[in-house]
Amino acid sequence: MSVTVSSRSRDTWLGGVVPAVKDVAAHNELLRMLIVKDLKIKYKASAIGLFWSLLNPLLMMLVYTAIFGTIFGAQKPEFPIYVLSGLLAWTFFGTTLPAATTSVVANSNLVKKTRFPTSLLPSSVALSGLVNFVISLVLLFGLVAVYRHPLGPSLLLLPVLVFAETCFVIGLGLLLSSLNVFFRDVEHFLGIVLTVWFFATPIIYPREQIHGNELASTIIKVNPMTWLVESYQDIFYGSPDAVHAGTATTYLGTFTTTWPNPRPLLGFIALSLALLVVGFVTFVRLSHRFVEEV
Amino acid sequence: MPNAIELEGVTKSFKVFHRRHSTLKETLLRRRRAVFEQVTVLDHVSLDIPEGQALGIIGRNGAGKSTMLKVIAGLMTPDEGTVTVRGRVSTLLELGAGFQGEYSGRENVYLYSALMGLSRRFIDERFDEIVEFSGIENYIDNPVKTYSSGMYARLAFAVAVHVDPDILIIDEVLAVGDRDFQRKCFARAADLRRRGKTIVLVSHDLESVRRICDRAVWLDGGKLLADGKPQDVAQGYVASVTERSIKAGFDDDQAHLEDVRVLDASGAPVASIKTDEPAIVSFRISTPVAMGAAHLVVRWVAENGTIMASSSTIHDGPVSVPAGGADFACHFDRMPLVPDSYRIEVVALDPETSELLHPIHDTVLVAVLGKPVEGMVSVASRWETGGDSRVRSAGGGGVDASSRE
């Protein structure tokens, strides 16, 4: 094992990336420990920690259903399934990203005193978020069972969606956590952005509802989270069967399972993989100065 | 013998900011220009350390020793030059590098080895040996934040030497721990060397450098001033340090600290003061020759060794003493210490290196009297409650429980 660190390796864009990847691979035990630590903090603190983590999305789903279900329920029968399929996907992203963003700064004593692939800090936060997300899917499947809601073969795409979203969160997490070392406003700014971003994603309202407003529907259309969330909605919620007679629409109380729209989904997968690469390269390049700046 | 570590023209400098951009807005707008000074900490250092060598790095504070270790450990990237390291590096930078206070000793052992990229099985096999070496079996499942600094250092050292490193990098850790543990550390270091491992040690304690190392370098101002046998390099270093202290005149044979006393506000010597009362610490430095610069520090030290209060000349500039000597008095406007007994320490420091110029001969004990309070300092306070209820100031000053809202 031999490591050469040269000031020159910083001069090329990709310098140091290959050794950094090897370094990450050699520290799989550390990654495991960091994920376990993160999960322990979440679940160990209270006796029924798992229950609490399921309670939160369940409660939000009920609140949104109570408020928006009455407004949009006519278009989206079985509204709770509609809300929850988007909400869980959003929660994974929206709660994990801020934690990943602060992860390098929050672990300054590790970063300063020991040499290890620091990219594992945001990555482990993202992966423990993934574990939580997978657990929370139990809620959604439970709800589907309660409603006797049909699921189709498109469910086979679920692992693909989860994988793409994980890459998206890790990529953005790497990017933002390294920038946050130098500009601490990143974490504050992110909080605001996420609030707006949530409402710019069709989770608690149906997208068709926004058609009157040109600007809003454009924003929703170019929002990558829309691409992702709608894919989740397609495989879990599908489309309600309806009869159109004149201006009136009558739902038949049944659903047709649908496949996600391929273009937005492929777009999201491509974006996630690109972000993962850009995030990692940026992180590795900036990490040279972490010890001095953190 | 191949080299374990090669430094080639390594230069590292830091920007010392007097005013800096800390937010995105400031950086983007550049309204206020960042003001900084470029400080070169390592200045084209080249050094080959062959496998199996134990190298000691000595030098004053701020000479660049720690930066050099961080560059070797891969924590910092040099601005210029290259660093080549062959083999697995185990680092002990500062006390218990990377230990997490909330984690138990056991968890920290595993975390440390994971940080080094070792597998769980690897450390499982060595765990008992590590705990035995550290001698803290009974505390291994307690959070390390409850450890004393000695226990902390023991565990940190135990892990670092048991992860089977090819290169062990140690920064000033042997100073902590009792004699017995130090002896164990020396034995372990000797053992590592017998097995052909490389050791790099930074220490102010020249004795441990002499005992462990077979080569020493003297770093000053980011450059290597000397390189050779530890005895020779240490001798050169000591000579330069003593030369400076003789210049300052604060040699032990010549200068003496005398008559350390605590006086009350009227100037009368006392053995006790009351909480919140003023106090004066007076002492005399007598010297046959005039002395150059030194910093004087007066400390109030609690029984457990914590410095509760201090006053020094560091902010006002160093003092000099004329031939014959001089009297000094340090006025403390009020001492808000809780009732207990405290030791007064007077020390003289080299203004450049902050090294002790004078052994502490003379300490006095002083008692602080008053109403007993919990905590470390006595703070003026009063109580209030809302509504119609009154705090009864008589009868112990308690709040009437029935009227609490």
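At what angle do helix 11 (residues 224-236) of chain A and helix 12 (residues 262-286) of chain A pack, and how far apart are their axes? In this predicted model, the angle is about 120° and the axes are 9 Å apart. Helix 11 of chain A and helix 12 of chain A are therefore oblique to each other, and helix 11 of chain A passes helix 12 of chain A in a left-handed crossing. On the side of helix 11 of chain A, the contact is made by A:P224, A:W227, A:L228, A:E230 and A:S231. Helix 12 of chain A contributes A:P264, A:L265, A:G267, A:F268 and A:L271. By class, these residues divide into 7 nonpolar, 2 polar and 1 charged.

Helix 11 of chain A also packs with helix 4 of chain A, where the axes come within 9 Å and cross at roughly 140°. Helix 4 of chain A and helix 11 of chain A are therefore oblique to each other. Helix 4 of chain A passes helix 11 of chain A in a right-handed crossing. In this contact, A:I81, A:Y82, A:S85, A:G86, A:A89, A:W90 and A:F93 of helix 4 of chain A meet A:M225, A:L228, A:V229, A:Y232, A:Q233 and A:F236 of helix 11 of chain A. The contact of helix 4 of chain A with helix 11 of chain A has 10 nonpolar, 3 polar and no charged residues.

| Helix pair (chain A) | Angle | Axis distance |
|---|---|---|
| Helix 11 and helix 12 | about 120° | 9 Å apart |
| Helix 4 and helix 11 | roughly 140° | within 9 Å |

The next topic is the nonpolar cores. The largest nonpolar core has 141 residues, of which B:I72 and B:I169 touch the most other members. Helix 4 (residues 79-101) of chain A supplies the largest share of this core, 13 residues. Leaving aside neighbours within four places in sequence, B:I72 is in contact with B:I5, B:V83, B:V85, B:I169 and B:V200. Another core, of 20 residues, lies apart from the largest one and includes B:V281, B:A294, B:V321 and B:V346.

Chain B has 8 helices and 18 strands. Of its 405 residues, 34% count as buried. Among contacts in chain B with a separation of 6 or more, 70% are between residues 24 or more positions apart.

B:F181 is in helix 6 (residues 179-194) of chain B. B:F181 counts as buried because it has 20 C-beta neighbours inside 10 Å. B:F181 and B:P351 are 170 residues apart along the chain, and their C-alpha atoms are separated by 33 Å.

Key
Residues are numbered from 1 along each chain as its sequence is written. Chains are lettered from A and ligands numbered from 1 in the order in which they are written. This is a predicted model: local features need pLDDT of at least 70, side-chain atom pairs count only at pLDDT 80 or more; totals for chains, interfaces and linings use all residues. Axes are lines fitted to C-alpha atoms, for helices over the stretch in contact, and angles run from 0 to 180 degrees between N-to-C directions. Helices (H or I, at least four residues) and strands (E, at least two) are DSSP runs, numbered from the N terminus. Angles under 35 degrees count as roughly parallel, over 145 as roughly antiparallel, 65 to 115 as roughly perpendicular and the rest as oblique. A crossing is left-handed if the near helix is turned anticlockwise from the far one by less than a right angle, and right-handed if clockwise. Two residues are in contact if their C-beta atoms, placed from the backbone, lie within 7 Å. Ala, Val, Leu, Ile, Met, Phe, Trp, Tyr, Cys and Pro count as nonpolar, Asp, Glu, Lys and Arg as charged, and the others, Gly among them, as polar. A nonpolar core is a set of buried Ala, Val, Leu, Ile, Met, Phe, Trp, Tyr and Cys residues joined through C-beta atoms within 7 Å. A residue is buried if 20 or more other C-beta atoms lie within 10 Å of its own, exposed if 12 or fewer, and partly exposed in between; C-beta atoms are placed from the backbone.
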